[in-house]
Amino acid sequence: LVNIFINDEPVKVDKGTNVLEACRENGYEIPSLCYLKDLNTAGSCRVCVVEIEGSRNLQAACVYPVTEGLRVHTNTPRVRRARRRVVELLLSEHNRECTTCARNLNCELQTLANKVGARDGKLTGQHRHVPPVVKNPFIVRDYSKCIKCRRCEAICKNKQGIGVYSPLYRGYDTVIAPAFQRDLGDVACIACGQCVLACPTASLTERSYIDEVWKVIEDPSKHVVVQTAPAIQVSIGEEFNLPVGTVVSEKLAAGLRRMGFDSVFSTDFAADLTIMEEGHELLERLDKGGPLPLISSCSPGWIKLCEHFYPEYIDNISTCKSPMEMFGALAKTYYAEQQGIDPKDMVVVGVMPCTAKKFEAARPEMETYGIRDVDYVITTRELAKMLKQIDIDLKKLPDENFDQPLGLSSGAANLFATSGGVMEAAIRTALALTEGKEMGRLEFKELRGTEGVKEAEVELKGKTVRLAVAHGTRNARKLMERLKKGEKFDFIEIMACAGGCVGGGGQPITNDPEKPELTMEHRSNRAKGLFALDLGKKMRRSHENPAVIQVYKDYLGKPMSKKAKEILHTKYTA
Ligand code: HC1
């Protein structure tokens, strides 16, 4: 420990820490815009300036190391004036159309301007008035709102291990963008949206389909089916001031019904279906000797990573469409047939915690019998906005059930949205179906938790099956490099976002300046809601889901049947 003085108070802080962390730990809320612990430590925004005794200039606290006897002053008139001036300078070139901005009332720059008492005054620099770049189906870039904090660049490179952003040009003209300012859809971006979560303003936002979804809901000639991903039920509550991880499944169903959707279903149903297909695919590959490892295909960010960086492993990816796509395909075939609806008049909307799902829905592979499986994907944030637009406070809604049959799910399906959950769900069913030694076992704690790469072994059909789980693409890349070096696994789950879908790029943004990126703790607290859901269910294995059993009986025959392959499977090409 090191002894320092903050505003003349003696405190002990960890050796090696910086002044910003030291002050925050001791209750001083020093503002910052660019700093991300261990990820972005360039000290570029200068918002966190403090006075250090003995130093002539103000110093950026995030890059100033603590030393024995250091005396820091955090709130002198000079510091207050400087912070205000720095923010005013940022605002002087910022597009300040706050009232119509996607991040209005949830913007770190806006909050900070308020905190430091910034005034429009004399600082009327040249505003950037470039139109937003709306070229791909997942992320919109608005350079007029970029404050060059470079958090997007740091998250993409240092956390996700991708690195599509870098600073281009100099001075006022600087933009943080892909090389040659190409669109994110034309570079190796995996669409995960972690940059959107890290952006303090609305320079990066999801491509919104709110207007399109209202339009189809209002169209009486359309039957609009909504499916909500497993992660939504434990995260959307945050948008309505509920504690992180609060389970709101039944209120969610009630809210969607009040929005005017014709059928209110849950992707969790299709997660159970995925387990039937993927579980049988695994058993088939184990019998036939490959290609192994089988790698999960639920996460579209991971698929894109594989296509860009590991094309030699494309055949290892499960041919199963993701649950979202399986759901869409089944809704427009089985459910449409059952209800006597022309699939051309059916619109499927997915509510996903994920920006990459918007990309997935638009992929050419995601069609069945010439009809698009999923028409629109909206994020958790977009759904919260839509509910608020029609004056709904989610927490005050009554509890209602999802519609049947595509709204019924097991506890295993709920786990899909947390890292290790797809694997746990698959192993529960595989063990039960093969009557393995551990057939009664339900929980696989070794596959849970925050470790970047988790490993386990199970006995299946007399064979030892080696499992691995990776979350966050940086960890995924570590695992893939191990595969390339010859390490052997049989079944791998990869999710592009840290913590799995609970930490997806479409999830609520906290706007907490002290936690400028979604922390692992926050992600884990959402996951706790899912574990509680699973634990509270009688039906905890996917193959026990009566709605899934019925679909096979009425329509698909059996897992991996010809029809199942036509509707529920696809093929990626490198
Ligand atoms: Fe996911 Fe999935 S769990 S990918 O994280 O397999 O987005 O929640 O919907 O498709 O079920 C996301 C979540 C989601 C799919 C499922």
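In this predicted model, five strands form an open sheet in the order β2-β1-β5-β3-β4. The pairing in this sheet is mixed. Its edges are β2 (9–13) and β4 (59–60), each of which pairs on one side only. Strands of a sheet pair through backbone hydrogen bonds, and the pairing can be parallel or antiparallel. Strands β3 (residues 49–52) and β5 (residues 71–73) run antiparallel and are joined by two bridges. E51 has H73 of β5 as its bridge partner. Helix α2 (residues 77–92) packs on the sheet. There, α2 touches β3 and β5, and its direction makes about 155 degrees with that of β3.

At the level of domains, the protein is divided into three parts. Domain 1 covers 2–90. The C-alpha centres of domain 1 and domain 2 are 25 Å apart. Domain 1 gives 15 residues to the contact between them, and domain 2 gives 19 residues. On the domain 1 side, the touching residues are ten nonpolar, two polar and three charged.

Helix α7 (residues 249–259) was examined next. Its buried residues are S249, K251, L252, A253, G255 and L256. An α-helix has 3.6 residues a turn, so residues three or four places apart point the same way. Just after α7, G260 adopts a positive phi of about 105 degrees.

The ligand is surrounded by 20 residues. A229, A231, C298, P323 and C501 are the closest of these. Two elements give two or more residues to the shell: α8 (267–288) and α10 (323–339). Of the elements, α8 supplies the largest share, three residues. By class, the shell around the ligand holds 13 nonpolar residues, five polar and two charged.

Note on methods. Residues are numbered from 1 along each chain as its sequence is written. This is a predicted model: local features need pLDDT of at least 70, side-chain atom pairs count only at pLDDT 80 or more; totals for chains, interfaces and linings use all residues. A residue is near a molecule or strand if its C-beta atom, placed from the backbone, lies within 6 Å of it. Helices (H or I, at least four residues) and strands (E, at least two) are DSSP runs, numbered from the N terminus. Ala, Val, Leu, Ile, Met, Phe, Trp, Tyr, Cys and Pro count as nonpolar, Asp, Glu, Lys and Arg as charged, and the others, Gly among them, as polar. Domain bounds come from an automatic or database domain assignment. Two residues are in contact if their C-beta atoms, placed from the backbone, lie within 7 Å. Two strands pair if DSSP finds at least two bridges between them. Axes are lines fitted to C-alpha atoms, for helices over the stretch in contact, and angles run from 0 to 180 degrees between N-to-C directions. A residue is buried if 20 or more other C-beta atoms lie within 10 Å of its own, exposed if 12 or fewer, and partly exposed in between; C-beta atoms are placed from the backbone.
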